[in-house]
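Subject: Structure handover and findings

Hello,

Here is the structure for your work. My notes on what was found follow below it.

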Amino acid sequence: MIKLLIEYTKDVESKVISVDKKNNRYYCRRCGNHNQKSFFKDQLGTYCRNCLVFGKSSTYQKIWRKKISSEFIEEYCLKKVIFLSDIQKIASKRCVEAYKLSEDLLIYAVCGAGKTEIVYEVILKALNDNKVICFATPRKDVVLELTPRFKRDFYQVKIVSLYGDSPDKGKLGNLYISTTHQLINYYHYFDLIIIDEVDAFPYYNNKMLEGFVKKAKKDNAPVILLTATPTKKIKYLMSSGKLAYFIIPSRYHRYPIPLPTVKLTNNTLQKLNKNHCPRKIKRWLVLRKKNKKRVFIFVPSINCGKLLENILKKEFNCRFVYAQMKGRKKIVKLFRENKIQFIITTTVLERGVTVSNVDVCIIKCDDVIFDDRAIVQIVGRAGRDKYYPNSNVVLFSDYNTLAIKAAIKQIKRMNNIAKEKNLLR
Amino acid sequence: MEKCLLCGQHTNNLFNYCHIFGLGNKLLCEKCLILLERVNNGCVKCGKKTKDIICSDCLYWRNYNLTKLFEIVNYSLFYYNDFGKEILRRIKFSGDLKLIYAFKNEIRLFIKKYRFKDITLVPVPIHNERLEERGFNQSLYIAKLFNLPILDVLVKVNNEKQSKKIKAMRMEFNNLFDIKPGVNIENKRVMIVDDIYTTGSTVHQIGRLLYEKKVKEILSFTLFRS
């Protein structure tokens, strides 16, 4: 028996062949792939290698576009009133406007501006219009973090959270919180899609995932994009007027973003290889230890992180965290609970982690991994709590790179815009 | 520049004159090639990793009354380590046929090394149900890489999964295969082609069938040896 590939839709129910031929060229209905190189012939037909992870899609297989429709109740409301700053209010009004006109909108908000709260009003509005909404994000961690939060705030709504091995797959709901990969199972289904962290890996520069979003939404359904660090492509779209945008230059607590200071160290990697921590770094860390302040230490590679952990283990209460590690969440949780003072991490914790009262440093900031967007995101980890808006951010680098300069320039620019608009305290 | 079939990274070879003649195209990158563990210094008959000259499995087949009369020499390319498992999983259960072509160069080298002449390949069949599920018979496609004549003479009768059984059950014969009627393979050197050799029961069952058809010599080739 051939397994049918299921896609949920609100259109008429149908069964279609998943890889088809048009003008002598193959194309995949599942992932929208047109590249002839990624099709391969086997014994029974041709299959698409592009979306193989999601199950084989081929000329001898069919997609069952299954019609489902969800139930709604009369009126939805939030559990508690959410206080927004003035600029956030304007932004959320702008979102509602875009939704009504069914236009795409980009919200370019600084890290820690409260992007999620801005979207609440649109979601509520759309829910009361009996629409199905999707909050998509490229990262699974974000889905896991947001689901309980949304469940708490929208207590009447059936919330479905979708990720790789989630138990909610195929369930009916009104609000879907999903990774962008999981949108493959939907066809012309959502009336509003909100994408968080548009510039994050793997959504950035991935045509397949962009295709999924296009496929999952209904025709002329609006897409709201949220980002803190727009990519070149998005910047181009903004400047050329193809994408409406709204900038939020200040954080919700109206303190400026802390400016990073660059400290030059010599031969960091060589010193780490010799089991020796550069003096400047050590001095800075000792000072944090005295003040009992938690510290994020970002390193460019796993190897570098392991070396550093070995060196610092004796003196400092530190742990190393990286993407493939199994007990990663536990350690981050311990860090949140103030049981670990220093956390060494690769760029995994670059986004979506909120810890109050932390200092941040990057070691070997001249590495290629730390481009300007990464540095801006990392700096955005600092000073997110309104009671501790000031924190120390240091970039330890062998030399000044263009990325460092660009990042500092961007932060300064946002702070200046905020100052001009009187958004700072 | 080509991309590595297994990991998708660019293969690390520089452009040289071989590329002009289409010779130096590497299908795998060096990182992946290191992870694959080559078969050497194992059991003489099947290549199993042992210190003995002949492993216990082969001795079992030598004494088993149905397989006493003939001998099968097995050639395997790699040991079935974690990386090998991952590859086979991707080929067989995700259904990515293209990955088989990653072994093209290895197989060509293998033929050159042993100088096989006038050999007929017999790929191990899969059940029709499984064929519909997967879309291809992986053994057939491995055999196609050899550039040698292929005789698809076998039919799988029973749709049981070998890998779900315990060892003792696997080593008993229970008529998994059948030979298509009206095929003449008398006095031929035959090589059975499969993806993995675990206990040798598949190969020996097929060997028994071929032996009854009076084949001159039976060899076997598998990509992996567990």
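At roughly what angle do the axes of helix α1 and helix α2 of chain A cross? The model is a predicted one, and in it the axes of α1 (residues 86-101) and α2 (residues 115-128) of chain A cross at roughly 35 degrees and come within 8 Å. The crossing of α1(A) and α2(A) is right-handed. On the α1(A) side, the contact is made by A:Gln88, A:Ala91, A:Ser92, A:Cys95, A:Val96, A:Tyr99 and A:Lys100. They meet A:Glu117, A:Ile118, A:Glu121, A:Val122, A:Lys125 and A:Ala126 in α2(A). By type, the residues of this contact are seven nonpolar, four charged and two polar.

Domains of chain A

Chain A is divided into three stretches: domain 1 (5-67), domain 2 (86-248) and domain 3 (261-420). Taken over C-alpha atoms, the centres of domain 1 and domain 3 of chain A are separated by 44 Å.

A single pair of residues can be set beside that. A:Lys306 and A:Lys41 are 265 residues apart along the chain, and their C-alpha atoms are separated by 45 Å. A:Lys306 is in helix α8 (residues 302-312) of chain A. With a relative accessible area of 40%, A:Lys306 is partly exposed. Leaving aside neighbours within four places in sequence, A:Lys306 is in contact with A:Phe320 and A:Tyr322.

The peptide bond from A:Phe201 to A:Pro202 is cis, with omega near 0 degrees. A:Pro202 lies in the loop between β13 (192-195) and α4 (207-216) of chain A.

Two asparagines have a positive phi. For A:Asn130, phi is near 60 degrees, a positive value in a residue other than glycine. A:Asn130 sits in the loop between α2 and β9 (133-137) of chain A, and is partly exposed at a relative accessible area of 39%. For A:Asn357, which is not a glycine either, phi is positive at about 55 degrees. The loop that holds A:Asn357 runs between β19 (342-345) and β20 (358-363) of chain A. A:Asn357 is also partly exposed, with a relative accessible area of 22%.

Salt bridges

How many salt bridges does the structure hold over all chains? The count is 29.

In chain A, the side chains of A:Asp359 and A:Lys293 meet in a salt bridge, at 3.3 Å from N to O. The pair links distant parts of the chain, 66 residues apart: A:Asp359 is in strand β20, and A:Lys293 is in the loop between α7 (279-291) and β17 (294-298) of chain A. Are these two residues buried or exposed? A:Asp359 is buried, with a relative accessible area of 0%. A:Lys293 has a relative accessibility of 17%, so it counts as buried too, the limit being under 20%.

A second pair in chain A is A:Glu337 with A:Lys339, whose side chains meet in a salt bridge at 3.6 Å, N to O. Here A:Glu337 is partly exposed, with a relative accessible area of 41%. A:Lys339 counts as exposed because its relative accessibility is 53%, and exposed means over 50%.

In chain B, the side chains of B:Asp195 and B:Lys92 form a salt bridge at 3.0 Å, N to O. B:Asp195 lies in strand β5 (residues 189-197) and B:Lys92 in helix α4 (residues 82-92) of chain B, so the pair ties together parts that are 103 residues apart in sequence. B:Asp195 is buried, with a relative accessible area of 3%. B:Lys92 counts as buried at 19% relative accessibility.

Salt bridges that share partners also join A:Glu7, A:Arg65 and A:Lys215 into one network.

Which residues does B:Gln205 touch, not counting residues up to four places away in sequence? They are B:Glu172, B:Phe173, B:Asn174, B:Asn175, B:Leu176 and B:Phe177. B:Gln205 itself is in helix α9 (residues 201-212) of chain B, and counts as buried at 6% relative accessibility.

Regards

Conventions: Residues numbered from 1 in each chain as written. Chains lettered and ligands numbered in written order. Predicted model: local features only at pLDDT ≥ 70, side-chain atom pairs only at ≥ 80, totals over all residues. Heavy atoms only, no water. Axes fitted to C-alpha atoms, helices over the stretch in contact; angles between N-to-C directions. Helix = DSSP H or I, 4+ residues; strand = E, 2+ residues; numbered from the N terminus. Left-handed = near helix turned anticlockwise from the far one by under 90°. Contact = heavy atoms within 4.5 Å. Nonpolar A, V, L, I, M, F, W, Y, C, P; charged D, E, K, R; others polar. Buried < 20%, exposed > 50% of the residue type's maximum accessible area, 1.4 Å probe, protein only. Salt bridge = Lys/Arg side-chain N within 4 Å of Asp/Glu carboxyl O. Domains from an automatic or database assignment.
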